[in-house]
Amino acid sequence: SLLSVEQSSSELTARYKSRLLQGTRFVDLTGGMGVDFQAISQGFVEAFYVERNAELTQLTAHNLARLGSDNAQFITQDSLTWLQETSLLFDWIYLDPARRGDINQKLVRLEDCEPNVFAIKSLLFEKSSKVLLKASPLLDIEGAVRALGCVAQLHVLAVENEVKEILFILQANPLSEATITAINLTKKGEQVFSFRRSDEQNTQVAIGIQGNYLYEPNAAVMKSGAFKQIAKVFGLTKMHVHSHLYTSDQQIDEFPGRRFEIIAITKLDKRELRKHLPNAQANIAVRNFPLTVAQIRQQTGIREGGEVYLFATTDAQDKKIVVVTKKA
């Protein structure tokens with residue numbers, strides 16, 4: 001099934017999820033290709049794979065046997081029917097609702113996916129006190145947290161600066177406000193940043209340009225909405241309320257994103273920019289700016305590539321500027 005292949009997790013993201021779940025008994029109600037199930041099941045004594053597609057169940061059982069899994073039980077049945085009928089209780093339930101509609105359109109909202117987690121929430125908590133829910137990277141996080149009302153943790157998971165999954169850890173009665181973790185898995189290691197939404201809302205940060213270094217948060221931080229907390233934690237000055245670029249006097253190596261040294265700040269003027277581009281070549285990014293990258297290239301004749309990075313943005317005085325940088 002192409003849908004099963006498309007929605008399947010990568011081995012890298014499956015391993016991350018396996019770090020979040022451990023216990024005695026676990027069930028994956030949306031078994032699919034079994035990548036998540038194989039990784040997560042290693043942290044449990046008993047693991048139940050439930051999938052209504054008989055071919056998928058057969059293939060996954062074969063593959064996991066070859067991989068040495070010996071604690072898995074495979075069930076071919078509608079997952080909700082099985083969950084209602086079973087007398088078993090679980091330490092964890094894993095749910096990755098199908099995100100394709102009847103006419104093959106992509107779905108994002110939780111209530112549009114199958115199964116609808118809102119419709120079965122009470123059943124899930126009858127069988128387990130903890131649920132891990134995987135959702136589309138395009139999901140409106142704040143809206144989903146409000147609607148679910150039982151989120152204990154939220155993980156925004158990116159691989160090589162591309163958000164792949166939104167993960168909700170649900171509990172019947174969370175003890176406190178949800179912790180939000182933005183994590184970017186890279187070849188060089190992990191970039192991790194955690195915060196709470198109330199801290200973000202209550203934080204005040206300096207606005208302007210200060211120092212010789214510019215910072216661009218990774219995609220997971222951007223998706224999580226930690227626009228002010230990232231500045232507070234790392235002592236940065238935010239370039240503009242809506243620009244989400246940051247500056248500092250000293251280079252901060254631990255920043256979860258890209259770091260640049262500022263060469264010059266200029267306006268979008270072909271002649272001015274060419275002074276810093278001997279080969280008429282640069283990488284261009286747009287943040288809170290009225291033109292697209294393609295429009296800037298057409299207007300200036302700057303070709304793609306090279307070691308210079310241009311950030312077309314807006315400063316604290318609402319002036320349109322271009323920050324000329326190189327990687328730090």
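**Notebook: helix α6 and the cysteines**

I began at the start of α6, where a side-chain oxygen of Asn116 comes to within 2.9 Å of the backbone nitrogen of Phe118. A reminder to myself: this is a predicted model.

Next I walked along the helix. Which residues of α6 are buried? I find Val117, Ile120, Leu123, Leu124 and Lys127 buried in this helix, which covers residues 117-127. I then looked down the axis of α6: its buried residues fall within an arc of 120 degrees, so they line one face of the helix. I jotted down the general rule as well: an α-helix has 3.6 residues a turn, so residues three or four places apart point the same way.

I turned to the other side of α6 and found Ser122 and Glu126 exposed there.

What covers the buried residues of α6? My list includes the helices α5 (79-85) and α7 (141-148). It also includes the strands β4 (92-95), β5 (130-135) and β7 (162-171).

Last, I checked the cysteines. How many disulfides are there? I get 0 disulfides, taking a disulfide as a pair of cysteine sulfur atoms within 2.5 Å. For Cys113, the nearest cysteine sulfur is that of Cys150, 16 Å away, and Cys113 is in no disulfide. Cys150 is in no disulfide either; the nearest cysteine sulfur to it is that of Cys113.

Are these two cysteines buried or exposed? I noted Cys113 as buried, with a relative accessible area of 6%. Cys150 is buried too, at 3% relative accessibility. I count both as buried because the cut-off is under 20% relative accessible area.

Methods:
Residues numbered from 1 in each chain as written. Predicted model: local features only at pLDDT ≥ 70, side-chain atom pairs only at ≥ 80, totals over all residues. Heavy atoms only, no water. Buried < 20%, exposed > 50% of the residue type's maximum accessible area, 1.4 Å probe, protein only. Helix = DSSP H or I, 4+ residues; strand = E, 2+ residues; numbered from the N terminus. Arc of directions from axis to C-beta. Contact = heavy atoms within 4.5 Å. Polar contact = N/O pair within 3.5 Å; in protein donor to acceptor, adjacent residues only side chain to side chain.
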